[in-house]
Structure formats: C-alpha cells, structure tokens
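Good morning, and thank you for joining. I would like to take you through a few packing and pairing details; please have the model open as I speak.

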Amino acid sequence: MRASEIAQRLASQVDGVVRLLLPHGKRAGQEWRAGSTEGDAGQSLGVHLTGDKAGVWADFSSGESGDLIGLWMACRKLDLRDACKEAMDYLGIREDRLDPPVKRYSRPTREGVHGLSAEHLAWLTGERKLAEASVRAYRVATRDGAVMFPYLRDGELIAAKYRKLPKQFRQDADCEPCLFGWQAVAPDARSVIICEGELDAMAWHTYGFPALSVPMGGGGGAKQGWIASEFDRLALYDTIYLSLDSDGPGQQAEREITDRLGRERCRVVRLPFKDANDCLKEGVSVVDMAGCLRDARTLDPSELRCAAEFEDAVIAELHRVDDGMVLPWRKTHELVKLRPGETSIWAGVNGHGKSAVVSHVVADLVMHAARCCVASMEFRTPVWLMRMARLIAGTNTPTEAYLREIVRALKGCLWAFDVAAAAKASRILEVFRYARKRYGIELFVIDNLTKCGFADDDYSGQKQFVESLSDFARIEETHVAIVAHMRKGDNENQPAGKMAVKGSGGITDMVDTVFEIWRNKPLERFLERYADQEEKPPLPPNMSHAHTYLNVLKQRATGLEPSIALWFDKGTTQFMGGPDVKPRPLLDIHLRSVA
C-alpha cells in the first residue's frame, strides 16, 4: 500500500492520530495545536482536523509540513518504511502476501575492496562529470583494479558490478537481483527515480535528485527480475519516475515496470539526451532536468486519453461535410447515407428483394468509382456478377460484348469474397482487413449474416460478429452493410419492423442504420387479380402504390427515418425512384440519376 493511501486512512481517524503523536497538544478551532513534532505544548505546529485538508500539517517554526505519514515519521523519528508499518498496525491493516519460493543467493565478499582509487575518482568526476559527493554517497569503491558499484540494501552488500576502464564489465554471479543506490536515497523520500545504469543514478544525484538503477538494463522478462525482490520496498512510494533509455529495450522495460508497479504512480521521464549522464556531460542545467521530472507523463492505457487532445478533431467535426455514400435515387440523397465508420443492416423477409436492392446500390456506387467488396454466400460469384452486370446494362438481354465491357469496367472498383457456401466469421474479418488496407475498400457487403458459420439459434455468436464488424468499420473508417433475414409474421401484408430482424436484439442496437426492404405483396395480388382487364379499378385508399419500400428504421447520425418508395423492373432488376422512370444503362452515367 502506498504511503499516500495510508495517510488518507489516517486522516479519517485524525483526532486519534494527533492525540497519539502530539499528546500535549490541544484543539484550537478546526486545528490541533502543538509546539513541535516532539509533541510538546505550543502553537507553532498545526494539524487540520476537518474537511478536505484533514491530516495536513505544518510546523511554522521549522518549515516542515506534509500529511499524516510525514507527521508520523517526524514525531517517531522513523524512516518511511517503518512509519508506514507502524501506521498500518495502528489502523489494523494487514496486507495479504504470497510468499515467493525461497531461493538462495550468493553474497559478494568484501575481500579486496578498497576505497576509491585516485584514478577511478578522477574518471568519475572528470570524464563522467559526477560530483564527488554523489560518488561518495553511492559508496563506489575499487576492487582488483576495477571500479566497484556496490548494490547495498540496509547496509548489506547484496550484489556488485565492476567496470575495468575503459570498458570491461563483469558482475558477481548468483547474486539477488536488486536495485542499485538505496544507500543514497533519503529514508523519508516519498518519490524515487529509477534509471538504466549506475552512472545515470549518480548523475541524477549530482543534479540533486537521488536515483536508483536497474541491474540489467532495458528489456523485459528476466532482465526485470529485480521487481519481485524490491516490490514491497517500492510499494510505499507515491511516485516512481522511470528515466530509462528511449530505445526499444528501454520502452519495453518501461511497459513491464509500469504494469507491475502500478500505472497510476509511474511517470515516464524523457530527457534531451540519451540518459542522465549524457545530459550532465552536455551541460544540461538543473532547472531543465527538474523540468523533465515535472513534465514526466504517465504511461496511460492507449484507450485512456485526455479530452483536450481532441481539440482539433472536435473543430473538424464541427465543420465536417456529411460525405457518406448516397443511394442510387436522388430523392434519398438528403435523407440517408452510408457513412464511413458506420455499419448498416439490410433486412427483409425471405423473397422481398433485399439482395436485389443491395445489389443495385453496389452497382450504382461502383459505376461512380466507389471501391466495394461483396461477400455473397447466397450465389456463386459468377452468378451474382452476371446479375449485377445485367442490372448495370439496363437490359435483360445484353450482348456478350457489352457484358464483357461491363465486367472489365468493374476492375479497380469491385472485389468479391469468393465463397459459394458458409464462411467462417474470423476469415471474413481477416480478408476484409486485408482488402481495406490493400485496396482502400469503402463499402463491404455481407450477404447474408446466416451464412457466416453460425447456427440459427447462435444469437450470441451472431451478436459478437456484428460487434466485431462494427469495430472494424469504426477503426478502419469504412462502411459495412450486412444483409439479414426477418421473422415472418402472420402475413406479409405490412412491414415487419425493426424488432423482427432475426437473431439477438443486440444486433440492431449495435449498428448505425437499419433498413427494411418490404415487397408490396397486397399491390401484387391486386394487379394480378385485374391483369386481364384493360380498365383497372383504382387502388383501394389504404393500399401503398409502390412495388417496394425501403424503410429506414434507424439512422443514428441524423435520426431521420424515411420510407422510400421504389418501382421494380423485372427484366433489368433495377429499382426506379418513380413509377414513370424507365431502366437505363449505368455504365455511361457520370452524374447521379435524377430519379
């Protein structure tokens, strides 16, 4: 548990804590007053007893101040670790620990260790620019003609590394992995710097900021094995600054250390040069180094971002032009669009023409140079391509030459996911990701959802797949159109509505737009009944007059939910925007239809 967390617990019992630590003090308004941290009577030391500042104290005669852990250290003359232990005992806090397997380590011998030689001191203070006081604080020594960097903990020599000038390195074998520099860290410190190298630790100390060093440099795995040994000791620090090299191994070490010691208290330091010792040699000032600590950032999860980072994106959204793809019928252009980053469901009862409508939409888009990819598991690829080519031709009897011209014109605009049976959802997504990156596909079509490897009652699997497609569309800034079946009601005389889409109700919740394609069966029966009569009676007043209705049941972007009337031409399989509009070739059209 961090010291600041323990201090917060103490603050909730501040009345009892101040009476324990400052027994000769007394209450004065909203504060507890005493003479000093010795606990004698007086007025110079005050502790807030209420509100947000409960537990905050200051001794105006000595200039000391802090929270209740700081007061505990000052009054009991303890270091941070012992003060936290006593405070936790007072609070009745017991942290459960899993004792690691006991492993026996070797300890370096002190035989042959001598005070730092003049040559080595000159190298450290001259070439490396380290302050002599810092070198002494870390107790650097000389052994067997090499500079010895002692890894001390509570005065005990745990490990040692050696450097024989200019660049010959070794270390004692089988020693416990631990941090270098505990001997130079103040016992009441609430924050600590961890860097990548003993010289860097001493460079930070030279700047006035005592630091520790990892024993094995950057990287992950076994190189950061010291964390297990030092975890409890580091657990008390409120802030841990990571001043590691900014290369690949250094960044890998940052991620592992942060994940294991806690993202909320680790701060990543970026320096103007490779490391702290290089900064010292290059003359970087104390003010600038302090600024690097002040500007240190947390290694936040990639999903967590400050709202202010989106300033430019917010302004871009304010001025964004709705640049979604439009449907083939001009009357729909201001009503509904297929926008990048969105997903749509195209649903209908079996036999109501949902695949035919989607095919017309795709044909119109590719003839206007939009890049589309269709996964049609209902028909073999040559079959649905032939039907689309006939639709584009605007005639049910195109010549072979014209049909070839149309198919060639699809190059660079239309791709097929060539599977004539059910395809696994994971494979579909894999191919779609490749197609988006390789060819910049703007519209992906799946026809249909039930052909993606799911059982009819596997609602959970279908929902997860639609969610994955929605994530894909949003991340890749493309559009995914999913053809889905609808449950039949008592009859087909009226549209079924959004709730009739087969599968989990969560499918329509996750997508951005929901279309229902409804074939006007009552009109068809009426026309068939009077097919042989030259003079047909007028339509009943309650009968819809169009062959097909494209009903927008949901449109998240605008909220508009129009019902779009369409007239079907059986020969070309085109849908027209009005009863008097005739089918026409799409290949030579360079402007949107006026229908």
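I begin with helix α16 (residues 425-439) and helix α17 (residues 459-476), whose axes come within 11 Å and cross at roughly 10 degrees. Axes here are lines fitted to C-alpha atoms, for helices over the stretch in contact, and angles run from 0 to 180 degrees between N-to-C directions. Helices (H or I, at least four residues) and strands (E, at least two) are DSSP runs, numbered from the N terminus. The crossing makes α16 roughly parallel to α17, since angles under 35 degrees count as roughly parallel. On the α16 side the contact, meaning heavy atoms within 4.5 Å, is made by Ala425, Ile428, Leu429, Phe432, Arg433, Arg436 and Lys437. Helix α17 contributes Phe465, Ser468, Leu469, Phe472 and Glu476. These residues divide into seven nonpolar, one polar and four charged. In this scheme Ala, Val, Leu, Ile, Met, Phe, Trp, Tyr, Cys and Pro count as nonpolar, Asp, Glu, Lys and Arg as charged, and the others, Gly among them, as polar.

A word on the source: this is a predicted model, in which local features need pLDDT of at least 70 and side-chain atom pairs count only at pLDDT 80 or more, while totals for chains, interfaces and linings use all residues. Residues are numbered from 1 along each chain as its sequence is written, and side-chain values use heavy atoms, with hydrogens and water left out.

Next, the nine-stranded sheet. It is open, with mixed pairing, in the order β18-β17-β19-β20-β16-β21-β22-β23-β24; two strands pair if DSSP finds at least two bridges between them. Which strands stand at the edges? They are β18 (414-416) and β24, each with a single partner strand, so one side of each is left without a neighbour in the sheet. From one strand to the next, the twist averages 25 degrees. Within the sheet, β16 (residues 343-348) and β21 (residues 513-519) run parallel, joined by four bridges, and Ala347 stands opposite Glu516 in β21.

Helix α13 packs on this sheet, touching β16, β17, β18, β19, β20, β21, β22 and β24, and its direction makes about 140 degrees with that of β16. Of its 13 residues, 11 are buried, that is, under 20% relative accessible area, with exposed meaning over 50% and partly exposed in between (1.4 Å probe, protein chains only). Among the buried residues are His360, Asp364 and Leu365. At 1.5 Å a residue, α13 (residues 354-366) should span 18 Å, and its end C-alpha atoms are 19 Å apart, which agrees; the expected span is 1.5 Å times one less than the number of residues.

Val581 counts as partly exposed, at 29% relative accessibility.

Finally, five strands form an open antiparallel sheet in the order β1-β2-β3-β4-β5. Its edge strands, β1 and β5 (65-66), each pair on one side only. Strands β1 and β2 form a hairpin with two residues between them, and Gly29 in the turn has a positive phi of about 65 degrees. In β2 (residues 31-34), Glu31 and Arg33 point one way and Trp32 and Ala34 the other, and all are buried. Glu31 stands opposite Ala28 and also opposite His48 in β3. Helix α2 (residues 14-21) lies across β1, β2 and β3, running at about 160 degrees to β3.

Terms used
Angles under 35 degrees count as roughly parallel, over 145 as roughly antiparallel, 65 to 115 as roughly perpendicular and the rest as oblique.
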